[in-house]
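Hi,

Here is the structure I promised to pass on. Have a look at it first, and then read my notes below.

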Amino acid sequence: MQNDNSIGANETKRISFLPYVHNVDSFGYNAAVVPRGTAYDTESWSWLLDRKFSGKVALVNEPTIGLFDAVLAVQAAGLATFEDIGNLTRSEIDQLFRILVELRKDGHFRGVWSSVPHSVELMSQGDVAIESMFSPAVFELNAKGIDCVYASPKEGYRAWHGVMCLSSATSGANQDAAYEYMNWWLSGWPGAFIARQGYYISNPERSRKLLSADEWDYWYDGKPAQTDLKGTNEDVVVKQGQTRDGGSYEKRFSNIAVWNTVMNTYEYSLSGWNEFLSTG
Amino acid sequence: MAIGIIGYSGTTRLDGTSQAMQRVSDLNAVALEVDRDVQELQMRAAKYVISGHDSMRDSVLDLHAKLVLLVNSSITNQSDPEMLSVFRKISDHLPEYRTQFDSAIEERQIRTSLVQQQLPTLSDSIGRRLGELEQIAFQEKQSPKARNALLLCKTALSRAEQRLLRYYVAPDSTLVDGALEDIDSALTHLQTLQEYEPTKQLCAQVLVDIREFERIGMRAVQATRGYLFLVNVVMAGEAAEISYYSDRLRRMSESRRSAIASTVQSTVDGVRQLTGYGIGTSLLLAVFIAARLVMLILPPIQSLTSTFQRLASGETVVAIPEVERNDEIGEMARAARVFSDQNRQQVQLLATSEELGRQLTANAENLEKTNADLNSFAYVASHDLKSPLRAIRQLASWIEEDSGHLLPADSLKHFQTIEARVHRMEMLLNDLLQYARVGTTESEAERVNSATLVEDLVGLCDNPLRVQIIVSGSLPIFVTIRTPLEQVFRNLISNAIKYNDKGDRGIVQISCENVDDSFVFKVKDNGPGISPQHHERVFQMYQRVGDTNTEGTGMGLAIVKKQVEKHGGRISVESNADAGVTFSFSWPESFAERVAET
């Protein structure tokens with residue numbers, strides 16, 4: 001953070017947030033239902049709106065995330081164009097939800113999911129074939145034997161970077177505990193742990209020593225797995241020979257369509273989201 | 001009966017499906033109610049977070065409680081595993097919905113408290129302190145810069161408050177950003193005032209107040225965002241899931257309803273088909289039974305009918321069919337057997353009768369043959385004996401003529417006796433010959449005047465005593481064979497004359513009357529009569545009654561009777577002793593016709 005409280009590139013001793021977990025997200029699809037595409041080539045956000053999968057589509061129930069997925073899908077499908085998909089205007093919000101509500105009326109969406117387990121359940125039960133997805137769900141589904149592909153849309157990912165904030169009002173033991181907590185997150189183990197879910201940590205080198213070379217090669221470098229790789233719950237989530245969808249960290253972060261933000265129209269979008277969810 | 005069973009079974013199945021349909025219908029109603037209540041719940045929740053009214057909050061809680069009750073009741077009453085699973089899904093979301101709503105209530109109440117109580121209080125406090133600052137600045141005659149900073153601070157703070165209040169009415173992040181900038185601006189301007197000692201302490205207090213204002217204002221923003229997120233996203237998401245599952249319930253119930261309808265249709269079709277089969281089977285069975293009955297009844301009846309026809313035609317049937325049966329046909333058969341027995345007896349009687357007839361015919365033929373032989377013999381004998389008799393009579397005559405004078409008187413008498421006997425023998429032979437000839441001599445029928453015939457005969461008859469011959473009435477003229485009629489009249493008239501004992505007072509009366517197709521001739525005399533006991537005998541051969549001294553052979557009436565009967569007539573005699581005799585005989589009116597009829 002710059003000295004004038006703005007965010008800038010000049011190094012200062014001031015920080016606003018402590019970066020840690022981040023990733024690039026897209027949608028997952030069940031390759032047993034949706035024909036497998038080619039990363040960055042044929043895979044597209046527009047698949048979420050493909051009528052072939054009508055009734056088998058879900059979005060994450062979080063407007064600050066799901067809205068982006070919807071925007072990317074609508075734009076990729078050519079249904080609308082947006083000036084800045086990271087900061088939609090009210091009219092663009094209206095336009096977006098008009099499209100989404102109509103699709104929902106047509107029964108295109110199975111619904112929304114509110115947690116990773118819920119998203120896993122929807123696909124594993126066959127309720128959905130394609131949906132907004134977080135990385136852990138993809139590998140959990142793979143561990144269950146479901147050929148879930150984490151798409152690498154040609155339009156690019158929705159990127160996000162988690163941060164930890166410390167209130168300036170925090171003090172004393174609470175402040176110490178808060179620092180301990182933030183330090184723990186960057187201590188290496190949590191980074192290695194979340195790497196096995198497909199997430200990245202902001203200080204990966206500290207986690208690398210806690211990952212096997214095969215794990216590192218697969219999760220960060222996008223190389224084919226030399227052995228079966230286990231996830232966070234000891235289940236094999238990657239079979240030998242598989243390559244991570246989208247490739248290496250660099251490759252994936254080189255294909256970003258938008259960074260998650262909280263738009264100025266956030267509150268305005270909530271009522272639209274409610275309308276979208278309430279449409280039967 | 002089979003059709004009845006099919007109908008009962010079908011009705012039972014339909015009753016079962018009807019109950020299932022009712023359950024599905026109830027389920028559909030529950031699903032609709034759940035969906036409607038969830039929508040209503042969301043609407044009330046939205047109204048609550050806008051208004052913050054407790055009554056609206058309570059209405060949400062009441063409806064939620066009702067929904068929980070409805071779903072739990074449905075779970076208790078539900079036996080379908082699939083349905084139960086869906087109800088449990090709904091049940092899982094309801095507590096989460098309530099939890100989120102409780103959080104929303106909390107946030108809403110926090111915001112209410114902050115916006116309606118703390119923020120205004122603080123704003124007033126800040127306003128008062130800024131007023132004090134203004135007064136001090138005026139009294140101390142501070143520089144325009146300080147007064148301007150104070151003014152800018154007040155303005156910025158006021159703008160921030162306005163933006164925040166606008167945000168609370170119509171949340172918009174730009175208002176928050178603006179408010180924060182305004183607060184920062186106010187603080188910056190306030191820091192300018194801190195440079196002046198008279199206001200330094202008061203400015204520090206205002207600074208704290210503004211920081212608190214910012215904290216409370218932003219907490220209210222956070223609370224607002226919080227309950228807006230809870231209602232519009234989290235609770236809406238839960239409600240959407242509940243709606244999805246209630247819709248799924250409806251689709252399942254619809255599917256069940258369709259399945260039941262299909263089952264009903266299938267049952268109806270099945271019953272219809274089974275009924276059709278039943279009817280078909282019944283018809284086939286009926287046809288079979290009918291055919292069987294026909295086979296059982298018709299052939300026996302036909303056989304019996306045939307038997308009765310044979311029996312009616314008089315035939316005897318040895319083997320009566322169906323006699324052993326114990327039904328009506330058996331009774332008919334036994335009745336037929338009775339007929340048959342009667343026929344058999346009749347046949348036996350007929351056979352006996354025919355046998356007797358044949359025997360009779362044979363006897364008649366034998367008798368006729370015997371008669372013919374006898375006639376032939378009589379004819380031959382009478383004819384062939386006449387010549388020797390004539391020779392004997394001739395020889396006796398010659399001996400008497402040649403040697404009569406040499407012979408003693410006795411011998412001569414003997415010769416006379418011989419002549420007399422020969423003469424009688426000739427008469428006997430003549431009569432016998434005539435008798436034998438009756439019916440053997442065929443003559444042509446001719447027109448005969450019976451009166452002339454009688455007259456001619458009377459003229460030729462030997463009537464030494466002059467017996468009077470009277471023809472009473474007219475005698476007919478008709479076609480007949482003359483000779484037999486002539487012989488009948490000759491014999492009767494000659495007998496009447498010959499045996500009349502009245503001398504010249506003797507009367508023979510001849511008459512005729514037409515009876516039916518015959519003429520009945522009567523020859524009546526006033527002679528000695530014939531005792532009735534001899535009436536039969538007088539028509540027999542060689543039978544004589546009355547005066548035996550009168551010449552005769554006893555063949556005359558036998559010949560008459562034979563002639564009359566031979567020509568189709570009848571002859572009878574009426575007489576009492578001393579009352580004369582009347583012979584009546586009938587003679588066909590038309591011989592030709594009689595011959596033809598015969």
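How far is the sulfur of B:Cys203 from the closest cysteine sulfur, and in which residue is that sulfur? The partner to look at is B:Cys153, and the distance is 7.9 Å, which is too far for a bond. For a disulfide, the two sulfurs would have to be within 2.5 Å. Before you go on, keep in mind that this is a predicted model.

**Cysteines**

In case the term is new, a disulfide is a covalent bond between the sulfur atoms of two cysteines. B:Cys203 counts as buried because its relative accessibility is 0%. Over in chain A, A:Cys148 is also buried, since its relative accessibility is 3%; the cut-off for buried is under 20%.

**Aromatic rings**

There are 35 aromatic pairs over all chains. One of them is made by A:Tyr200 and A:Tyr220, which sit edge-to-face, with 5.1 Å from centre to centre and 65° between the planes. This pair links distant parts of the chain: A:Tyr200 belongs to strand β7 (residues 200-201) of chain A, while A:Tyr220 lies in the loop between α8 (213-219) and β8 (229-230), 20 residues apart. A:Tyr200 is buried, at 0% relative accessible area, and A:Tyr220 is buried too, at 5%.

Now try chain B. Are the rings of B:Phe521 and B:Phe585 stacked or edge-to-face? They are stacked, because their planes are at 25° and the cut-off for stacked is under 30 degrees. Their centres are 5.3 Å apart. This pair links distant parts of the chain as well, with B:Phe521 in strand β5 (residues 518-525) and B:Phe585 in strand β7 (residues 581-588) of chain B, 64 residues apart. B:Phe521 is buried at 0% relative accessibility, and B:Phe585 is buried at 0%.

Back in chain A, you can find one aromatic cluster formed by A:Tyr20, A:Tyr181, A:Trp184, A:Trp185, A:Trp189 and A:Phe193.

**On the surface**

A:Tyr181 turns up again here. Along with A:Trp184, A:Trp189 and A:Leu210, it forms a nonpolar patch on the surface, and together they have about 450 Å² of accessible area. A:Tyr181 sits in helix α5 (residues 172-185) of chain A and is partly exposed, with 48% relative accessibility.

A:Ser168 is in the loop between β6 (157-164) and α5 of chain A. Is A:Ser168 buried or exposed? It counts as exposed, because its relative accessibility is 78%. The C-alpha atom of A:Ser168 is separated by 41 Å from that of A:Asp235, and these two residues are 67 apart along the chain.

**Covered strands and helices**

Strand β3 (residues 109-113) of chain A is mostly covered, with five of its five residues buried. It runs parallel to strand β2 (residues 57-60) of chain A, and four bridges join the two. If you want a place to start looking, A:Leu59 has A:Val112 in β3(A) as its bridge partner.

Why is helix α11 (residues 556-566) of chain B largely enclosed by the rest of the structure? Eight of its 11 residues are buried. Among them are B:Leu557, B:Ile559, B:Val560 and B:Val564, and also B:Lys562 and B:Gln563. After α11(B) comes B:Gly568, which has a positive phi, near 90°.

Notes
Residues are numbered from 1 along each chain as its sequence is written. Chains are lettered from A and ligands numbered from 1 in the order in which they are written. This is a predicted model: local features need pLDDT of at least 70, side-chain atom pairs count only at pLDDT 80 or more; totals for chains, interfaces and linings use all residues. Side-chain values use heavy atoms; hydrogens and water are left out. Buried means under 20% relative accessible area, exposed over 50%, partly exposed in between (1.4 Å probe, protein chains only). Patches are made of residues with over 30% relative accessible area and no salt bridge: like charges are joined within 9 Å, nonpolar side chains (Val, Leu, Ile, Met, Phe, Trp, Tyr) within 5 Å. Accessible areas come from the Shrake-Rupley method with a 1.4 Å probe; for residues, only the protein chains shown count as cover. A salt bridge is a side-chain nitrogen of Lys or Arg within 4 Å of a carboxyl oxygen of Asp or Glu. Two strands pair if DSSP finds at least two bridges between them. Rings of Phe, Tyr and Trp (its six-membered ring) pair if their centres lie within 6.5 Å; planes under 30 degrees apart count as stacked, over 60 as edge-to-face and the rest as tilted.
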